[in-house]
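I opened this entry to keep track of what I looked up. My notes follow the order in which I checked things.

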Amino acid sequence: IETIKIYVKMHKKEYKNLLEQDFKANKPGIKWVGDITYIYTKETGWTYLAIVIDLFDLKVIGWSYCRTMTDDLVIEALKKAMINRGLNEDGIFHSDRGSQYTSNNYEKLLEGLKIKHSYSK
C-alpha cells in the first residue's frame, strides 16, 4: 500500500490555472481557450464540436466536428488554429480538465509546440 501511495504522489499531474481569470490578451496568439459542445442531430444522435478561441479578439480560429469525443477531436481543432493563426511560443492554451485535453497525445502536442497548458475545473 505504501508503494502505491508513493507512486500516485510521484505521478500525480498538476493542473495549474495559469490564466487565473485574466481572459484578456493585448495581441493575437498569446492566450487561447478551448472547449467541446454537444450537438444532437436526428440523423446521427450526439455529435461533438471542439473550438479554439483567441482571447485577443474572441474569434474562433480552430474547430473540429465529429461523431466521437476523443482526443483527436481537440487535436484537430488545435491544429486548425495553428494553421489559421499560430500561437506564440510560451503562449497559453486554457481548457477544462476533460480527458480529451489531459490525454497524453494532447499534452505531447502542446509540449512539442512549446505551449503552456492552463486548466480550470
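This is a predicted model: local features need pLDDT of at least 70, side-chain atom pairs count only at pLDDT 80 or more; totals for chains, interfaces and linings use all residues.

I began with the side chain of His117, which makes a polar contact with the side chain of Glu107 at 3.1 Å. A polar contact here is a pair of N or O atoms within 3.5 Å; within protein, one must be able to donate a hydrogen and the other to accept it, and residues adjacent in sequence count only if both atoms are side-chain atoms. I found another such contact from the His117 side chain, to the side chain of Ser95 at 2.8 Å.

Numbering runs from 1 along each chain as its sequence is written, and side-chain values use heavy atoms, with hydrogens and water left out.

Where does His117 lie? I place His117 in strand β5. Helices (H or I, at least four residues) and strands (E, at least two) are DSSP runs, numbered from the N terminus. Is His117 buried or exposed? His117 has a relative accessible area of 10%, so I noted it as buried. Buried means under 20% relative accessible area, exposed over 50%, partly exposed in between (1.4 Å probe, protein chains only). I then listed contacts (heavy atoms within 4.5 Å). Beyond four places in sequence, His117 touches Lys16, Leu18, Phe93, Ser95, Tyr101, Tyr106, Glu107 and Leu110.

Next I checked Lys116, also placed in strand β5, which spans residues 116-120. Lys116 is partly exposed because its relative accessibility is 40%. Leaving out residues up to four places away, Lys116 touches Leu18, Asp90, Gly91, Ile92 and Phe93. Phe93 is 23 residues from Lys116 along the chain, yet their C-alpha atoms are separated by 6.2 Å.

Then I turned to helix α3. Its buried residues are Tyr106, Glu107 and Leu110. Seen down the axis of α3, they fall within an arc of 95° (taken from the directions from the helix axis to the C-beta atoms), so they line one face of the helix. I noted the general rule: an α-helix has 3.6 residues a turn, so residues three or four places apart point the same way. The face of α3 turned away from the buried side carries the exposed residues Asn104, Lys108, Glu111 and Gly112. What covers the buried residues includes α2, β4 (92-96) and β5. After α3 comes Lys114, with a positive phi near 60°.

I looked for nonpolar cores (sets of buried Ala, Val, Leu, Ile, Met, Phe, Trp, Tyr and Cys residues joined through side-chain atoms within 4.5 Å). The largest has 18 residues, and Trp32, Ile36, Val52, Phe93 and Tyr106 touch the most other members. Two or more residues each come from β1 (31-41), β2 (45-54), α2 (71-84) and α3 (104-112). The largest share, 6 residues, is from α2. A second, separate core of 6 residues includes Leu19, Ala25, Val33 and Leu55.

Last, I checked confidence. pLDDT is the predictor's confidence in each residue, from 0 to 100. The chain mean is 90, and 90% of its residues reach 70 or more. Confidence is lowest in helix α1 (residues 2-11), at a mean of 50, and highest in β2, at 98.
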